[in-house]
Amino acid sequence: SASQRFTALAELDSVERLGIVIANVRAQMQSASVQNLVKLCRKLKIKTYFLAMDRVTSGMLGNFLDLEAFVVFACPYLTLKLLSSDDSEFHRPLLTPYEAQMSLKKRAQDKGQNLQVDDSAKNVSKDEIS
């Protein structure tokens with residue numbers, strides 16, 4: 001429901017550990033959307049953890065309860081499900097890439113942070129994958 005989506009977005013305001021769920025490590029790690037999200041998280045001092053999954057289920061994400069929210073790039077079906085139905089089966093907020101970008105940009109603006117990303121954060125290295 002819309003109220004659940006709003007709650008999930010609001011919870012991103014205080015997240016310190018964010019899971020980024022991808023399906024194809026090689027292709028998705030280099031995508032502009034993933035790179036931009038990681039850069040934004042770095043600026044906000046949010047730790048990011050990459051989780052490679054072909055299919056996202058509450059049971060699989062339940063193994064990572066130390067992460068406070070998840071951004072799902074991996075499963076288009078789940079994205080549609082998130083936008084159209086009840087996602088209460090998951091123990092942590094699940095966000096679409098667009099929702100996460102918008103919410104984190106707002107968080108940065110609320111903190112008065114410059115959204116420009118420096119060159120040192122240009123690429124995510126393989127060593128940073130958790």
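# Briefing on a predicted α/β chain

The secondary structure comes to six helices and four strands, which follow one another along the sequence in the pattern α-β-α-α-β-α-β-α-β-α. Of the contacts with a separation of 6 or more, 76% are between residues 24 or more positions apart.

**Confidence**

- The protein chain has an average pLDDT of 77, and 72% of the residues score at least 70.
- Confidence is highest in strand S1, residues 17–22, with a mean of 94, and lowest in helix H2, residues 25–29, where the mean is 60.
- Over residues 117–130 the pLDDT stays under 50, and for this stretch the model has 23 contacts beyond four places in sequence.

**The sheet and its order**

- The four strands form an open sheet in the order S2-S1-S3-S4, and the pairing is parallel.
- The edges of the sheet are taken by strand S2 (47–52) and strand S4 (94–95), each of which has a single partner strand, so one side of each is left without a neighbour in the sheet.
- In general, the strands of a sheet pair through backbone hydrogen bonds, in either a parallel or an antiparallel sense.

**Strand S1 and its partners**

- Strands S1 and S2 run parallel and are joined by six bridges, and within this pairing Ile 20 stands opposite Phe 50 of S2.
- Towards S3, strand S1 is joined by four bridges, again in the parallel sense, and here the bridge partner of Ile 20 is Val 71 of S3.
- Five of the six residues of S1 are buried, so this strand is largely enclosed by the rest of the structure.

- Strand S3, residues 69–72, pairs with S4 in the parallel sense over two bridges.
- Phe 70 has Leu 94 of S4 as its bridge partner, while the bridge partner of Val 71 in S4 is Leu 95.
- Side chains in a regular strand alternate between the two faces of the sheet.
- Both faces of S3 are covered, with Ala 69 and Val 71 buried on one side and Phe 70 and Val 72 buried on the other.

**The cavity**

- Rolling a probe the size of a water molecule over the atoms shows where empty space is left.
- The count comes to one cavity of 30 Å³ or more, and the largest cavity has a volume of about 30 Å³.
- The lining of the largest cavity consists of Ser 58, Leu 61, Gly 62, Leu 65, Phe 70, Phe 90, His 91, Arg 92 and Leu 94, and these residues divide into five nonpolar, three polar and one charged.
- Phe 70 and Leu 94, which are both among the lining residues, are also bridge partners between S3 and S4.

**Gln 101 in helix H6**

- Gln 101 lies in helix H6, which spans residues 97–110.
- With a relative accessible area of 15%, Gln 101 falls under the 20% cut-off and is therefore counted as buried.
- Once its neighbours within four places in sequence are left aside, Gln 101 is in contact with Ser 33, Asn 36, Leu 37 and Leu 40.

How values were computed. Residues are numbered from 1 along each chain as its sequence is written. This is a predicted model: local features need pLDDT of at least 70, side-chain atom pairs count only at pLDDT 80 or more; totals for chains, interfaces and linings use all residues. Side-chain values use heavy atoms; hydrogens and water are left out. On a 1 Å grid over the protein atoms alone, a cavity is a set of points where a 1.4 Å probe fits but cannot get out, and a pocket is an open set with protein on both sides within 12 Å along at least five of seven lines; lining residues have an atom within 4 Å of a point. Grid points are joined across faces, edges and corners, and a volume is the space filled by probe spheres set on the points. Ala, Val, Leu, Ile, Met, Phe, Trp, Tyr, Cys and Pro count as nonpolar, Asp, Glu, Lys and Arg as charged, and the others, Gly among them, as polar. pLDDT is the predictor's confidence in each residue, from 0 to 100. Contact means heavy atoms within 4.5 Å. Buried means under 20% relative accessible area, exposed over 50%, partly exposed in between (1.4 Å probe, protein chains only). Two strands pair if DSSP finds at least two bridges between them.
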